[in-house]
Amino acid sequence: MNRLTLAIGLALSAGPLCANDAPAAAQTAPAPSPSVYTYDPVKVIGQRLFPYQEGLVLDRAYIDEQIRGNGDIGSLLRINPNVQFDETSRTSRNMGEIRPADISINGGLYYQNSFLLDGASFNNDLDPVGPSSPANIQDVPSHTQGIALDTSLIGSLTVYDSNVPAAYGGFNGGVVEAESRKARDAFSGSVALRMARSVWNQAHIAEPALGDFQQSATEAQQPNYDKYELRATLEGRSQNGLGLIGNIVRTRSVIPLRGYTAGRSSPGDDNLKEQVRENTSASLRADWSNGEGLELGASVTYAPTDERYFIINAKNGFYDLKQGGPVTSFRINWQYGAWTWRNSLSYSQLDSSRRSEVDYWKSWARSGQMDWGVTTLSGEGSWGNIDQSDRSIGYKLSLERETLRWGRSEHRLQYGLEYRDRKAEYHRLNDHYSWLDPVATNTCTDRLGVIDTDGCSLSPVLATGNGVVKGRGQYFSRRAIYREGYFGASNREWSVFAQDDVRLGRWSLRPGVRVDGDSLMGKTTLAPRLAMSWDAFGDRDTLFTAGLNRYYGRSFFSYKLREGRESLQLEQRRTGNLIWTDVRQYPTNYRFDRLRIPYSDEVSAGVNQRWAGLDLNLKYVRRENRDEVLRESIPSLDTSGQYAARISRYTNRGRSRSQTYTLSVGPSTPLRWAGSVTNAQLAFDYTDVRRNYNDYESAYSDAFDDNVRYDGKIMRRWDIPARAFNRPWTARLATQTRLPEAGLLWSNFLRYRGGYRGLRELGREIYNGESIAVIEEIAYPKSWTWDTSVEWSLDLPHRQETYARIEVQNLTNRANLISSTSATATYYEPGRSYWLELGYRF
């Protein structure tokens with residue numbers, strides 16, 4: 001107890017901030033548990049759960065015992081060597097954020113994974129790339145994970161990263177399938193409070209950027225924050241076998257920032273403003289079985305996320321982003337004779353909406369009346385109210401037959417079908433006015449004798465410039481109106497699939513096929529799947545695996561919805577008579593054309609070896625990705641006036657390829673020594689991804705197919721290594737050690753990552769008579785982190801316990817450089833940070 005108290009005391013006394021030297025210098029630089037719970041062994045890559053090395057399963061024990069961080073799925077998937085993360089999503093400058101991390105599986109783009117909860121999809125396919133900043137007048141961000149699913153709601157997490165069965169489609173990366181936890185037999189529950197604070201944590205900031213960081217007015221830099229999480233669970237099972245479990249998790253982060261830039265103070269507005277991130281995940285699950293082959297299950301998860309932002313250097317500039325919604329499923333499994341019928345009905349409605357304080361934006365010249373500005377302008381207002389939703393109703397039927405013997409072979413047949421009706425909406429709820437370009441005036445009465453109180457002021461302007469004159473009034477000469485409007489798009493998706501898992505002697509073969517249809521694009525695709533394994537010595541100690549598979553991705557509603565949004569904009573102008581005149585109705589800048597469905601061809605090979613109490617997996621996955629989507633600009637050739645002279649459209653000119661080598665090692669059974677029980681998993685990977693674009697908003701150019709000299713070698717531009725989700729080398733070690741007699745749990749996660757590649761163009765040279773770009777690689781330094789957690793639990797009477805837990809991320813406080821394009825644009829990974837948790841279980 002004293003040791004735990006000392007550890008917590010050291011955490012709370014840690015300093016908040018660590019200034020680093022200049023960038024150049026920085027670059028050189030299941031075990032038995034307390035009586036309340038019983039855990040199964042951790043299931044990870046190394047076990048025979050997947051005979052074709054399809055992926056990884058994390059059970060409830062691993063989920064409970066590993067470092068939680070913000071409690072998102074990405075924190076758990078760090079152990080999977082086939083998963084890579086966005087380098088810039090979490091830095092020392094934005095540690096107050098709680099949104100889920102984007103992940104790439106075997107080189108696939110983060111928005112082309114499939115996320116499932118109890119069989120229901122929680123992908124938000126409105127616009128998963130979206131704008132780079134939340135402050136956008138037309139676009140509302142839409143995270144690819146439609147709900148921020150907290151890991152405490154999950155009973156098991158399965159990741160299919162290669163040789164994916166035919167029952168799964170709609171991805172080019174991988175499948176992440178979460179199953180909510182079933183209720184225990186006895187009535188039980190838990191409650192816990194977690195917290196993380198900037199005053200406990202350390203942020204690595206380059207010295208030239210330290211001043212701006214400490215006086216930040218933007219969410220990109222968060223010097224102060226407080227994060228709190230409260231979660232509670234109740235569960236039990238009735239005498240007739242009905243199990244019920246309810247969870248609720250509320251995570252809240254408060255981020256105080258300055259309202260105005262460069263440390264300046266406004267005389268007429270609040271100088272300290274708070275941004276807020278808040279996620280509430282509530283889940284209820286029921287299950288029942290009659291013991292004779294009939295199983296019923298139902299779950300509903302409601303996980304809305306609310307994020308409050310404000311527009312810097314502006315008054316009345318708060319706006320709220322609302323995302324998430326309900327994800328529900330109802331399941332009936334019925335075993336009849338040799339067949340098992342699995343039925344799943346699902347529904348989800350995932351929102352990405354915005355609410356503003358006011359329905360206007362005004363950019364005044366600073367005056368006596370409009371005195372809150374800290375430059376020559378005083379802005380006020382926000383971006384307006386927009387609703388977006390992605391509604392999905394789906395049904396899936398899977399028929400599985402018990403093993404059928406035919407001659408010397410054994411067959412396990414599976415057939416199925418799937419249907420989803422999806423509808424997306426974009427709705428600007430009311431007209432939004434953007435008042436611009438103030439001009440000097442001595443009157444606010446228009447030609448008709450009406451006094452303009454909205455877009456005109458006689459308060460003397462404080463400085464001459466850009467159309468205004470010191471000492472005179474001002475009126476707005478230009479106004480953009482974003483009119484109320486609604487656009488919708490629908491997509492009916494269907495699929496049928498079949499596969500046969502064949503055993504013949506030491507050989508296993510799983511041929512399958514999947515056919516998908518998509519009404520949005522009007523395409524039907526055929527995806528063959530083939531996986532095989534060979535038991536070399538007949539004792540299942542040495543398995544060789546291989547596979548040939550094709551995966552088709554998904555279509556996104558943004559391709560269609562963008563076509564209409566620009567047409568909502570109307571521009572008006574006026575002169576000294578103060579009468580508005582329509583100048584132009586904005587034509588559409590996007591045109592929707594039907595696309596081919598992007599696909600990935602996969603070749604895999606591997607070996608799974610049991611030796612000396614260890615389980616070793618070596619795997620190679622190569623993918624060729626074609627018909628991937630990006631954006632191009634072309635002449636519209638339109639004579640109707642609906643489209644602009646040049647329009648953007650999405651096209652299938654994207655292409656990429658990836659090679660991933662992985663090795664994972666873990667003990668076949670937990671290690672026991674001196675009363676302790678330890679689970680461990682060690683994983684390595686080498687990843688090489690080549691891609692001619694970053695995401696579907698990348699602008700295509702014919703130069704993508706040009707020759708370039710890259711690090712001294714001539715190659716096509718699309719052959720250059722990808723800059724995101726592409727760490728060449730990584731190594732990961734996860735351990736969980738329990739000392740039951742002492743009530744202690746010690747978990748560790750160590751990760752080494754080789755330096756990733758940046759690019760810099762040096763100029764041009766002549767090669768075979770053509771001018772080509774010369775590009776060199778910028779090697780960012782390697783990094784490693786050690787995350788650890790210690791939990792101490794105290795048994796109480798009547799099968800109760802209380803516990804305390806402390807998590808430390810980046811225990812050694814290493815300054816791991818992410819990127820550096822200038823002295824002030826230098827980014828590091830988060831420094832040492834703490835989560836403190838106190839809880840009670842019964």
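# Notebook: salt bridges first, then strands, cores and loops

For a salt bridge I required a side-chain nitrogen of Lys or Arg within 4 Å of a carboxyl oxygen of Asp or Glu. I took helices (H or I, at least four residues) and strands (E, at least two) as DSSP runs, numbered from the N terminus. Both Asp787 and Arg78 are buried. Buried means under 20% relative accessible area, exposed means over 50%, and partly exposed lies in between (1.4 Å probe, protein chains only).

**Ground rules.** This is a predicted model, in which local features need pLDDT of at least 70 and side-chain atom pairs count only at pLDDT 80 or more, while totals for chains, interfaces and linings use all residues. Residues are numbered from 1 along each chain as its sequence is written, and side-chain values use heavy atoms, with hydrogens and water left out.

**Confidence.** I checked pLDDT, the predictor's confidence in each residue, from 0 to 100. The chain mean is 89, and 92% of its residues reach 70 or more. Over residues 1-19 the pLDDT is below 50. That stretch has 37 contacts in the model beyond near neighbours in sequence. A contact means heavy atoms within 4.5 Å. Residues 21-47 also have pLDDT below 50, with 76 contacts beyond near neighbours in sequence.

I counted 65 of them. Side chains of opposite charge can pair when their charged atoms come close. Arg391 forms one with Asp421, the closest N and O atoms being 3.1 Å apart. Arg391 is in strand E22 (residues 386-401) and Asp421 in strand E24, 30 residues apart. Asp421 counts as partly exposed, because its relative accessibility is 25%. Next I looked at Arg690 and Asp688, whose closest N and O atoms are 3.0 Å apart in a salt bridge. Arg690 counts as buried at 17% relative accessibility. Asp688 counts as buried at 12%. I also found a network of salt bridges, which includes Arg68, Asp150, Arg194, Glu229 and Arg231. Glu791, Glu801, Arg805, Glu807, Glu837 and Arg841 are linked in that network too.

**The disulfide.** How many disulfides does a search of the whole structure find? It finds one. My cut-off was a pair of cysteine sulfur atoms within 2.5 Å. Cys444 and Cys456 form it, with their sulfur atoms 2.0 Å apart. The torsion about the S-S bond is about -85°, so the disulfide is left-handed. Cys444 lies in the loop between strand E25 (432-441) and strand E26 (456-457), and Cys456 in strand E26, so the pair ties together parts that are 12 residues apart in sequence. Cys444 is buried at 9% relative accessibility. Cys456 is buried too, at 7%.

**Strand E7.** I asked which way the partners of this strand run. Strands pair here if DSSP finds at least two bridges between them. Strand E2 (residues 55-58) and E7 pair in the antiparallel sense over four bridges. Val57 stands opposite Thr158 in E7. E7 and strand E8 (residues 175-180) pair in the antiparallel sense over six bridges. Ile154 stands opposite Ser180 in E8. Seven of the seven residues of E7 (residues 154-160) are buried, so this strand is largely enclosed by the rest of the structure.

**Cores.** I took a nonpolar core as a set of buried Ala, Val, Leu, Ile, Met, Phe, Trp, Tyr and Cys residues joined through side-chain atoms within 4.5 Å. The largest has 41 residues. Those with the most contacts inside it are Tyr111, Met521, Tyr559, Leu561, Tyr650 and Tyr696. Elements supplying at least two residues each include helix H6 (558-565) and strand E36 (614-635). Not counting residues up to four places away in sequence, Met521 touches Ser555, Tyr559, Phe592, Arg594, Leu595 and Ile597. A second, separate core of 31 residues includes Ile67, Phe115, Leu117 and Ala178.

**Positive phi.** Most residues other than glycine have a negative phi. Asn316 has a positive phi of about 55°. Asn316 lies in the loop between strand E16 (314-315) and strand E17 (318-324). At 30% relative accessibility, Asn316 is partly exposed. Ala674 has a positive phi of about 50°. Ala674 is in the loop between strand E38 (671-673) and strand E39 (676-691). Ala674 counts as exposed at 64% relative accessibility.
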